[in-house]
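Here is a short tour of one protein chain. Look at the structure first, then read on.

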Amino acid sequence: MQASDLFLLRARWVLPIEPAGVVLSDHSVVIQGDRILDILPSAVAPTHYPSAVVVPLEDHVLIPGLVNAHTHAAMTLLRGLSDDLPLMTWLTEHIWPAEARFVGPEFVRDGTTLAAAEMLLSGTTCFNDMYFFPEEAAEAAVATGIRASIGLIVLDLGTRWARNAKEYLERATVMHERLANRPLIRTTLAPHAPYTVSDTALLQVRELAAEWDVPIHMHVHETATEVTQSLATHNERPLARLQRLGLLSSRLLAVHMTQLTPAEIVLCARSGVQVVHCPESNLKLASGFCPVMRLRAAGIKLAIGTDGAASNNDLDMLGELRTAALLAKAVSGDPRTLSADDALRLATLGGAEALGMGREIGSIVPGKAADLVAVNLAHVATTPVYRAVSALVYAANRSAVSDVWVAGQRVVQDGALTTMDITDVLARAHAWGERIAEKDGHNPHGSMK
Ligand SMILES: [Zn+2]
């Protein structure tokens with residue numbers, strides 16, 4: 001065995017996530033190739049692995065890579081374009097017109113690269129995407145070394161990607177064949193939302209998802225307006241419609257879910273529906289509150305996502321899981337709801353399980369992929385450390401992320417990206433910003449014309 005095959009990450013604390021609630025002090029995680037080989041006390045590690053290259057992380061907590069279970073990565077290029085508006089006004093008067101004008105292969109490649117840079121630097125090693133031109137998103141992910149679940153979007157609305165639902169489904173089929181076997185890339189079927197996809201297309205989505213054995217990634221019950229409009233159009237609530245169409249199953253990743261009756265919670269629990277909670281997007285768009293405590297009490301599996309940078313406005317999973325923990329307490333009126341340990345689990349193993357990757361990533365267990373994040377807690381803001389998970393969830397922020405590995409590749413080293421030229425990434429993003437601002441009626445310096 002060559003010395004370069006083995007790396008020994010010698011950490012002050014390791015939070016393996018499995019078993020739940022465990023904190024390992026002064027432990028080392030051994031990486032061989034793309035896998036976690038071992039976890040053992042640092043005092044004995046050099047004896048067991050004398051040829052390993054030691055990576056000292058003396059002030060750090062080592063956690064599994066964070067999984068962003070819902071985003072639209074390329075929308076980083078629309079970050080801050082329009083804020084402080086209700087969902088439908090924001091979408092129909094600002095975001096969709098900007099997308100109609102600008103979204104194409106280059107936009108998606110440059111936007112997803114910017115998103116990958118932001119996510120890797122903040123400790124996210126896997127993201128679940130939903131956007132147009134999925135092959136460009138996948139290429140950007142591969143080039144930057146981040147793991148991705150690429151949503152093959154389905155809509156009735158025509159865009160530059162496809163003219164109608166039939167064409168979206170045809171393109172999804174081609175993309176699934178092209179992308180499904182790429183290393184670090186998986187696919188999902190991603191019908192946008194009940195209000196943008198017809199019954200016929202949803203039935204085809206269900207058939208294809210079963211045939212390919214992939215998740216169905218969909219916005220569901222995001223706002224009260226969505227429910228009211230569905231009652232007016234279909235004479236049934238969106239979840240009832242999805243049930244009639246046979247889409248309620250453990251395959252469904254229902255994103256948002258802020259409007260739920262007690263009967264709907266029981267229905268989702270019985271059918272195994274998984275919920276992706278995006279608290280900051282829901283807060284910013286005033287969409288409502290996902291009833292996290294009631295969902296967990298019913299046994300529904302949860303994951304956490306940032307949503308796109310146009311409605312958040314960042315892709316910071318450490319920030320997101322803290323918001324999730326705080327908001328769950330406020331909404332339930334119970335400070336015991338979603339503890340620091342629980343919030344971290346949802347943002348790691350919860351996301352991995354939702355994406356069908358629970359055996360591959362999400363916890364620090366020998367045999368799993370080496371997707372790991374080191375966070376430096378030797379900062380005034382995180383001192384003293386009584387419990388590493390408390391410091392991480394309630395006090396640390398993403399600037400404390402120092403090193404990140406995806407499948408054993410060190411993609412962030414001492415706070416810097418190793419897989420991309422960040423100057424070039426930023427220059428491209430700035431150029432898009434100037435073009436988009438000009439058409440949206442802003443001048444490049446931010447004030448309205
Ligand atoms: Zn979304």
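## Buried and exposed

The model is predicted.

Domain 1 puts 26 residues into the contact, and domain 2 puts in 25.

Which elements of domain 1 supply at least two residues each to the side that touches domain 2? They are β4 (53–64), β13 (372–376), α14 (388–395), β14 (401–406) and β15 (409–413). Helix α14 gives the largest share, with five residues. By class, this side of domain 1 has 19 nonpolar, four polar and three charged residues.

## The open sheet

Eight strands make up an open sheet with mixed pairing. Their order is β3-β2-β1-β4-β13-β14-β15-β16. The edges belong to β3 (35–41) and β16 (416–417). Each has a single partner strand, so one side of each lacks a neighbour in the sheet.

Strands β14 and β15 run antiparallel and are joined by three bridges. Here Trp405 stands opposite Arg410 in β15.

## Helix α14 and its neighbours

Two packed helices are described by the angle between their axes and the distance between the axes. For helix α13 (residues 340–354) and α14, the axes come within 9 Å and cross at roughly 70°. Angles from 65 to 115 degrees count as roughly perpendicular, so α13 is roughly perpendicular to α14.

Which residues meet between the two helices? From α13 come Ala340, Asp341, Ala343 and Leu344. From α14 come Val389, Ser390, Leu392, Val393 and Tyr394. The contact of α13 with α14 holds seven nonpolar residues, one polar and one charged.

Helix α14 also has a buried set: Ala388, Val389, Ala391, Leu392 and Val393. The buried residues of α14 pack against several elements. Among them are the strands β1 (6–14), β4 and β13. The helices α12 (317–332) and α13 are also packing partners.

## Cis peptide bonds

Two peptide bonds deserve a look. The bond from Glu18 to Pro19 is cis, with omega near -5°. Pro19 sits in the loop between β1 and β2 (24–32).

The bond from Asn312 to Asn313 is also cis. Its omega is near 10°. Asn313 belongs to the loop between β12 (302–304) and α12.

## Positive phi in two loops

Leu338 is not a glycine, yet its phi is positive, near 50°. This residue is in the loop between α12 and α13. Is Leu338 buried or exposed? It has 26 other C-beta atoms within 10 Å. The cut-off for buried is 20 or more, so Leu338 is buried.

Asp414 also has a positive phi, about 50°, although it is not a glycine. Asp414 lies in the loop between β15 and β16. Is Asp414 buried or exposed? It has 10 other C-beta atoms within 10 Å. Exposed residues have 12 or fewer, so Asp414 is exposed.

Technical notes: Residues are numbered from 1 along each chain as its sequence is written. This is a predicted model: local features need pLDDT of at least 70, side-chain atom pairs count only at pLDDT 80 or more; totals for chains, interfaces and linings use all residues. Two residues are in contact if their C-beta atoms, placed from the backbone, lie within 7 Å. Helices (H or I, at least four residues) and strands (E, at least two) are DSSP runs, numbered from the N terminus. Ala, Val, Leu, Ile, Met, Phe, Trp, Tyr, Cys and Pro count as nonpolar, Asp, Glu, Lys and Arg as charged, and the others, Gly among them, as polar. Two strands pair if DSSP finds at least two bridges between them. Axes are lines fitted to C-alpha atoms, for helices over the stretch in contact, and angles run from 0 to 180 degrees between N-to-C directions. Angles under 35 degrees count as roughly parallel, over 145 as roughly antiparallel, 65 to 115 as roughly perpendicular and the rest as oblique.
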